[in-house]
Amino acid sequence: MENESMTKPKILCLHGFRTSAHIYKCMCRKLGGSILEKLDLDFIDAPFPAQGKSAAEGIYDPPYYEWFQTNQNFTEYYNFDECVAFLEDYMAKNGPYDGLMGFSQGAVLSSGLMGMQKHGDALKNIPKLKFVILISGGRFGGTKFGTPKLASNAFSSPIECPSLHFLSEQDFLKVEGDFLFESFVDPVAIHHSMGHTVPIMEGENTKIMLEFIERIQKLL
């Protein structure tokens, strides 16, 4: 009964590349009621309309959005500072938020924001974010992605906050996800076989996530 009465963590949810808040919300239904009922989730659209074809076409209706743009080999970033400013303004007006939950490009961005806030490079006027949930993510400065100038210090040292990482051997970002996992102090992993997606939660993985939620509730 004690856990039932604990405060729900308020979480800002950042969707994947060329998708939307609506799509991410639909995907997260697979987490299951026992998890979703314990969280206060806010899904928002990225500030920029998709500038190319979306992998969600034919599955989910448009519009589609993206958080920022890059060149083909991910060495140059465009509109990244504008994206961070957009999020800082949104958090100031709609927060405070306890943590972030990002998928794919949203997970890359979420992890970077944690590091940027830690080093005082972004979210300076936003209450400290306490935890992060990263689904099919990667990190700036990893084996695949370069680093935007604003995020140059984000991973200069391991990030000390509770972090939950969804990892799949079938995910095309698996190597990047492992690299991201190692960028946090005492991270927690959920392993699944469903590839680059929010997995259907069951059994041991549901238990792991519920234990993580209980852990972060104690920080509120």
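Predicted model: local features only at pLDDT ≥ 70, side-chain atom pairs only at ≥ 80, totals over all residues.
Serine 110 has its place in helix H4. Is serine 110 buried or exposed? Because its relative accessible area is 0%, and buried means under 20%, serine 110 counts as buried.

## The largest pocket

Rolling a probe the size of a water molecule over the atoms shows where empty space is left. The largest pocket found in this model has a volume of about 700 Å³, and its lining is made up of 32 residues. Those that lie nearest the centre of this pocket are Gly16, Phe17, Ser104, Gln105 and His196.

Helix H4, which spans residues 105-118, supplies at least two residues of this lining, and so do helix H1 (21-28) and strand S5 (69-70). Sorted by class, the lining of the largest pocket holds 16 nonpolar residues, eleven polar residues and five charged residues.

Strand S9, covering residues 163-168, and strand S10, covering residues 188-192, run parallel and are joined by five bridges. Between S9 and S10 the chain passes through helix H5 (residues 174-181), and the β-α-β crossover made in this way is right-handed. Within this pairing, serine 168 stands opposite histidine 192, which belongs to S10.

## The largest cavity

How many cavities of 30 Å³ or more does the model contain? The count comes to one cavity, and the space in the largest cavity amounts to about 30 Å³. The residues that line the largest cavity are Leu134, Ile135, Ser136, Gly137, His165, Phe166, Leu167, Gly177 and Leu180.

Strand S8 (131-135), strand S9 and helix H5 are the elements that each give two or more residues to this lining, and the largest share, three residues, comes from S9. By class, the residues lining the largest cavity divide into five nonpolar and four polar, with no charged residues.

How values were computed: Residues numbered from 1 in each chain as written. Heavy atoms only, no water. 1 Å grid on protein atoms, 1.4 Å probe; cavity = no way out; pocket = protein on both sides within 12 Å on 5 of 7 lines; lining within 4 Å. Points joined across faces, edges and corners; volume = space filled by probe spheres on them. Helix = DSSP H or I, 4+ residues; strand = E, 2+ residues; numbered from the N terminus. Nonpolar A, V, L, I, M, F, W, Y, C, P; charged D, E, K, R; others polar. Pairing = 2+ DSSP bridges. Right-handed = clockwise from strand over helix to strand, strands pointing away. Buried < 20%, exposed > 50% of the residue type's maximum accessible area, 1.4 Å probe, protein only.
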